[in-house]
Amino acid sequence: IEVAVPYGTDVLGLILEFYNDDGTVYQTEGMVDFVHGSTVGGLTFYYKELDSMLNGPNGVALVDAAAALDPDGGTVEVLEFLSYGGTIVATEGLASGFTSVDIGVEENSDEYPTPVGFSLQKGGEGCSGDEFVWQAESFASTAGADNAGMTITCGGIDTTAPPTATPICKISVVTMEEVAEHDTPEDLWIALFGTVYDFTEYAPEHKGTPEVIYNIAGTDGTQEFNAALLEDHHHTQGKLYRTFRDDIVAIVGEESDEVVIECDEELRTYSPFTEFAPPADDEEPAEEPAEEPVSASPVASPETNAPSAVRDTPSTDSLPIFISEMHYDNEGSDEDQLIEVAVPYGTDVLGLILEFYNDDGTVYQTEGMVDFVHGSTVGGLTFYYKELDSMLNGPNGVALVDAAAALDPDGGTVEVLEFLSYGGTIVATEGLASGFTSVDIGVEENSDEYPTPVGFSLQKGGEGCSGDEFVWQAESFASTAGADNAGMTITCGGIDTTAPPTATPICKISVVTMEEVAEHDTPEDLWIALFG
């Protein structure tokens with residue numbers, strides 16, 4: 001599905017709800033996850049390839065949900081509710097009660113099937129959706145660009161889509177026979193997971209004994225690695241690669257060669273490519289003309305939210321809102337994983353979002369603080385927390401983002417308040433923190449040699465009032481989720497409160513025997529027992 005917006009529109013609050021013909025919602029997509037395409041004549045085209053979009057009669061509603069956060073009292077606005085194969089009355093979701101507009105054309109796979117790679121597209125001449133019409137004929141897909149048969153008359157800039165060229169990776173290929181030639185302390189290669197490392201300099205520094213390395217010199221040491229080798233690196237390929245990336249010399253193959261391939265995010269993170277070539281000259285992104293963005297509502301400028309190659313680490317000069325406690329790993333099976341955020345008393349957490357990052361910079365989970373448990377307030381700091389279904393072991397990270405600021409009518413922008421990681425630094429490649437480099441908190445939980453006890457967590461401690469004044473403590477403590485941490489002295493001043501009451505109301509009910517139930521067996525006085 002593709003959506004056209006005026007250049008510069010912040011799509012953070014735009015949502016698409018996909019409807020069944022009975023008016024129920026079967027799928028929701030946020031445009032923050034869409035691919036940013038080209039801008040033509042002042043209209044920017046965003047699209048997403050979907051896992052599923054049901055055949056008609058069904059529909060889709062385009063909703064501006066961000067408007068509900070307008071401090072002047074804006075409300076959720078249904079921008080369009082379209083259907084194909086008939087009209088629909090939404091019975092749930094943000095478009096509940098609305099009747100769709102049938103676009104009047106359909107795709108099918110029957111008598112006149114739509115060719116693969118083709119799509120339904122709006123065409124004609126105009127600048128806004130009401131001026132274009134759905135064309136009866138399908139065309140080869142133009143996702144991320146202006147449609148076939150479309151002439152845009154808005155005026156405004158033209159840009160190409162943000163660069164998607166993949167860097168070129170080069171790496172030598174050697175045989176195991178060649179690896180075997182490097183089997184002395186002075187020239188020592190080992191193959192691990194198909195990657196060849198030069199451990200000549202590392203072996204004497206191995207904290208166990210150099211003999212552990214020397215014994216497998218010139219061989220494939222993957223089995224030994226999994227069993228015991230390099231135990232201080234937690235037995236993972238990712239950490240092995242990051243720790244010894246500079247020592248990689250080749251990959252193992254059937255014959256000697258040098259390969260040149262495109263490397264995607266996973267390859268760049270986990271695979272042994274030692275030389276990265278920039279995109280070819282004809283793949284260099286075109287510079288966008290410097291023109292004032294057009295916006296239909298109070299939104300951030302495009303420059304503030306567009307992903308960049310690498311952005312500065314979020315400032316830690318002052319952190320009135322900060323991540324204060326986390327737990328992701330313990331002895332045995334992980335239990336009671338959680339994250340806690342401290343905010344100044346009275347802070348509205350509606351727009352605060354936490355994005356959880358893999359070590360390759362991709363987002364694996366998003367949590368809104370509106371769903372967090374409101375804990376105690378101590379010295380003017382209120383502690384919110386959430387028990388998580390999953391928080392991955394390191395190296396991974398989490399970004400704390402103020403997304404509501406983008407809706408500030410005075411021009412506020414999405415602000416990455418913190419981007420923390422454990423087990424190494426991360427460069428975010430997607431999400432609201434895209435382009436930012438994390439700050440490694442310097443401590444980790446684990447389930448190996450010195451396992452974190454169940455019910456314990458990593459906590460900030462020390463004396464202060466904002467996140468930059470507290471430090472992550474090397475020792476784990478019994479979890480204090482929803483309250484001030486162990487070893488933490490808060491100097492802000494301000495009120496102290498306990499958490500909001502969670503006591504359950506008292507209910508009273510009569511108890512009767514089945515003999516008494518049996519007395520009520522007439523149409524005029526009829527009792528039946530069901531499930532007690």
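Visitor: Let us start with Tyr26: is it buried, partly exposed or exposed?
Guide: Tyr26 is partly exposed, its relative accessible area being 22%. Please keep in mind that this is a predicted model.

Visitor: How are the rings of Phe18 and Tyr26 placed, and why is the pair tilted?
Guide: The structure has eight aromatic pairs. In the pair of Phe18 and Tyr26, the ring centres are 6.1 Å apart and the planes meet at 55°, so the pair is tilted. An angle over 60 degrees would count as edge-to-face, and one under 30 degrees as stacked.

Visitor: And Phe18, buried or exposed?
Guide: Phe18 is buried, with a relative accessibility of 0%.

Visitor: Which residue forms an aromatic pair with Phe356?
Guide: That is Tyr364. The pair is tilted, with 6.1 Å from centre to centre and 55° between the planes. Phe356 is buried at 0% relative accessibility, while Tyr364 is partly exposed at 23%.

Visitor: Which residues do ring pairs link into a cluster?
Guide: Tyr197, Phe199 and Tyr202 are joined in a cluster by ring pairs.

Visitor: Changing topic: how many salt bridges does the structure hold?
Guide: There are two salt bridges. Side chains of opposite charge can pair when their charged atoms come close. One of the two joins Lys48 and Glu29, with 2.7 Å from N to O.

Visitor: Which residue does Glu367 form a salt bridge with?
Guide: Its partner is Lys386, and their closest N and O atoms are 2.7 Å apart. Glu367 belongs to strand 24 (residues 363–368) and Lys386 to strand 26 (residues 381–387), so the parts tied together are 19 residues apart in sequence. Glu367 is buried, with 13% relative accessibility.

Visitor: Now the cysteines. How many disulfides does a search of the whole structure find?
Guide: The search finds two disulfides. Cys127 and Cys154 form one of them, with their sulfur atoms 2.1 Å apart. The link of Cys127 and Cys154 is right-handed, with 115° about the S-S bond.

Visitor: Where in the chain are Cys127 and Cys154?
Guide: Cys127 sits in the loop between strand 10 (122–126) and strand 11 (133–134), and Cys154 in the loop between strand 13 (150–152) and strand 14 (168–174). Cys127 is partly exposed at 30% relative accessibility, and Cys154 is partly exposed at 28%.

Visitor: What about Cys465 and Cys492: why is their disulfide right-handed?
Guide: The torsion about their S-S bond is about 115°, so the disulfide is right-handed. Its sulfur atoms are 2.1 Å apart.

Visitor: Which parts do Cys465 and Cys492 tie together?
Guide: Cys465 lies in the loop between strand 30 (456–464) and strand 31 (471–472), and Cys492 in the loop between strand 33 (488–490) and helix 7 (514–518), so the pair ties together parts that are 27 residues apart in sequence. Cys465 is partly exposed, with a relative accessible area of 27%; Cys492 is partly exposed, at 28% relative accessibility.

Notes
Residues are numbered from 1 along each chain as its sequence is written. This is a predicted model: local features need pLDDT of at least 70, side-chain atom pairs count only at pLDDT 80 or more; totals for chains, interfaces and linings use all residues. Side-chain values use heavy atoms; hydrogens and water are left out. Rings of Phe, Tyr and Trp (its six-membered ring) pair if their centres lie within 6.5 Å; planes under 30 degrees apart count as stacked, over 60 as edge-to-face and the rest as tilted. Buried means under 20% relative accessible area, exposed over 50%, partly exposed in between (1.4 Å probe, protein chains only). A salt bridge is a side-chain nitrogen of Lys or Arg within 4 Å of a carboxyl oxygen of Asp or Glu. Helices (H or I, at least four residues) and strands (E, at least two) are DSSP runs, numbered from the N terminus. A disulfide is a pair of cysteine sulfur atoms within 2.5 Å.
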